[in-house]
Amino acid sequence: MDDNNYRYIGKHVSRADGRDLVSGRRPFIDDVRIPGMLMARVLRSPYPHANIVKIDTTKAKAAPGVRAVLTYKDAPDWKCGLPQHRKVLDQRVRFTGDSVALVAAETLEAADEACRQIEVEYEELPFVLDCEEAIKPDAPQLYDEFPGNVLPKVTPFSEEPFNQIHVGDVEKAFEEAAYVAEGYYCYDKLPHPLPPESPGVIAQWTSPSAVTLYYNGGAPHLQKFNTEASIPGVAVRVIACHSGGSYGSKQLIPHLALQAIALARETGRAVKLMMDRTDHMLSYELRQGSRIRGKVGITQDGIINAIQGMWYIDSGMSSTYAQAMTAVGLGEAQAFCGKCKNWDLETMLIATNHSSQAPSADLAARN
C-alpha cells in the first residue's frame with residue numbers, strides 16, 4: 001500500500017505539545033498558583049542513624065510567617081512503602097538527610113528560617129552502609145519489623161513471593177555442562193539521574209475526605225493508588241504537571257506526597273513542597289544497588305544451561321517499588337538467557353543506612 005494513504009506512517013508528525021513547550025506556555029508545577037498556598041521545607045538529619053531524644057519547636061512556631069511545624073509527636077500516623085513501613089515523620093532517623101520536622105510558611109525564606117530555629121538533641125546510633133554487612137547477626141537494625149534488615153518479598157499485589165526463579169534441575173545441568181564458572185558481580189555505586197527540575201508536590205484538601213495532589217511526574221494512577229493506600233478513607237485526585245525531566249526517577253514520591261498532605265491538613269491551606277538541589281541530592285530515593293554471587297553452566301556449543309546464585313539488592317533506607325523492580329530484573333534475566341532451562345536464583349532485599357549521596361556541608365549549614 002502506498003504510504004500516502006496512511007495518516008501518520010511515513011509522515012512528519014509534530015509533537016502535540018511542542019509549540020507550547022518552545023513558546024513557554026506549557027505549565028509546570030512552578031506555574032501552579034492556588035490562592036493562599038503555603039511553602040514547605042523539611043528539616044533533615046545530619047546523622048545516618050539516630051534517635052531524636054528531644055526536639056523543641058517553640059521558636060520555629062513563633063517565627064514570622066510560619067503557619068505549621070510538625071514533628072514525629074504530632075504528624076499523622078500514615079506510612080508508605082512496600083510493605084508500609086516509612087512514617088511521615090519518625091523518632092528514629094535512618095540516613096543522612098532523613099526527615100526530622102516539617103514546616104509550612106508564607107514564603108520559602110520564612111520556612112528555611114524556621115527550620116534553623118528548631119532545636120534537636122540526637123542519640124547517635126551505629127549504622128551500616130554495606131548490604132552484605134547489614135545481614136550479619138551483629139549489624140545495626142533499621143526497623144524492628146524487619147529482623148536482619150531483610151525486607152519481605154511479599155507485596156500487596158501478591159500473597160506469594162515472586163522474587164526468585166526455581167526451574168528445572170540445576171545440579172544435573174551443572175554435571176552435564178562443559179564449562180562451569182563462578183563469580184561475584186557488584187554494581188552499587190548508585191548514580192543520580194538528577195533531572196533539571198527537582199521533584200515537587202502541591203497538596204490541597206477539598207473536603208475532609210478528599211485531597212487533590214499535583215506533582216511533576218508521570219503515572220498519576222500509581223500515585224493515586226499509593227496515597228489512598230496510605231490514608232484509608234480519603235479519595236485522592238492526582239494531577240500530573242508537565243515534568244522538567246524524570247529519567248525514570250520521579251515516580252518515587254509517596255513520602256513527599258504524604259508530608260505535603262499532612263501540612264495541608266494541619267494548616268487548612270494548599271501546601272507546596274518542592275525539593276531544592278540539596279534535598280534532591282541527599283534524600284531522594286534512587287534505584288537499588290546490586291551484588292550477585294553466582295554460578296553459570298555452559299554446554300559445549302555455548303548455550304547457558306544452568307544459573308544458580310544469590311542476588312543481594314541494597315534498597316537503602318526503605319523500599320517504595322523495590323520488590324517490583326526486582327521482579328522486572330529477574331524477568332529480564334530470563335529474557336536475556338532465554339535458552340536456559342535450569343535456574344536456582346534467589347534474591348534478598350536489604351535495608352541499609354544510606355541515602356543517594358554522601359552528606360554535604362551545605363546540609364549542615366542549612367540546619
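In the predicted model described here, Gln223, Asn226, Thr227 and Ser230 of helix α6 meet Pro254, Leu258 and Ile261 of helix α7, where contact means heavy atoms within 4.5 Å. Sorted by class, this contact of α6 with α7 holds three nonpolar, four polar and no charged residues; Ala, Val, Leu, Ile, Met, Phe, Trp, Tyr, Cys and Pro count as nonpolar, Asp, Glu, Lys and Arg as charged, and the others, Gly among them, as polar. Helices (H or I, at least four residues) and strands (E, at least two) are DSSP runs, numbered from the N terminus. The model is predicted, with local features needing pLDDT of at least 70 and side-chain atom pairs counting only at pLDDT 80 or more, while totals for chains, interfaces and linings use all residues. Residues are numbered from 1 along each chain as its sequence is written, and side-chain values use heavy atoms, with hydrogens and water left out.

How do these two helices sit against each other? Helix α6 (residues 220–230) packs against α7 at an angle of about 55°, and their axes lie 10 Å apart; axes are lines fitted to C-alpha atoms, for helices over the stretch in contact, and angles run from 0 to 180 degrees between N-to-C directions. That angle makes α6 oblique to α7, since angles under 35 degrees count as roughly parallel, over 145 as roughly antiparallel, 65 to 115 as roughly perpendicular and the rest as oblique.

Next come the empty spaces. Rolling a probe the size of a water molecule over the atoms shows where empty space is left. On a 1 Å grid over the protein atoms alone, a cavity is a set of points where a 1.4 Å probe fits but cannot get out, and a pocket is an open set with protein on both sides within 12 Å along at least five of seven lines; lining residues have an atom within 4 Å of a point. Grid points are joined across faces, edges and corners, and a volume is the space filled by probe spheres set on the points.

Five cavities of 30 Å³ or more are counted.

The largest pocket has a volume of about 940 Å³. Its lining has 38 residues, with Ser290, Ile292, Trp311, Gly329 and Glu332 closest to the centre. Helix α9 gives the most to this lining, with eight residues. By class, the pocket lining has 24 nonpolar, nine polar and five charged residues.

A cis peptide bond, with omega about -15°, joins Leu82 and Pro83. Leu194, in the loop between β11 and β12, has a positive phi near 45°.
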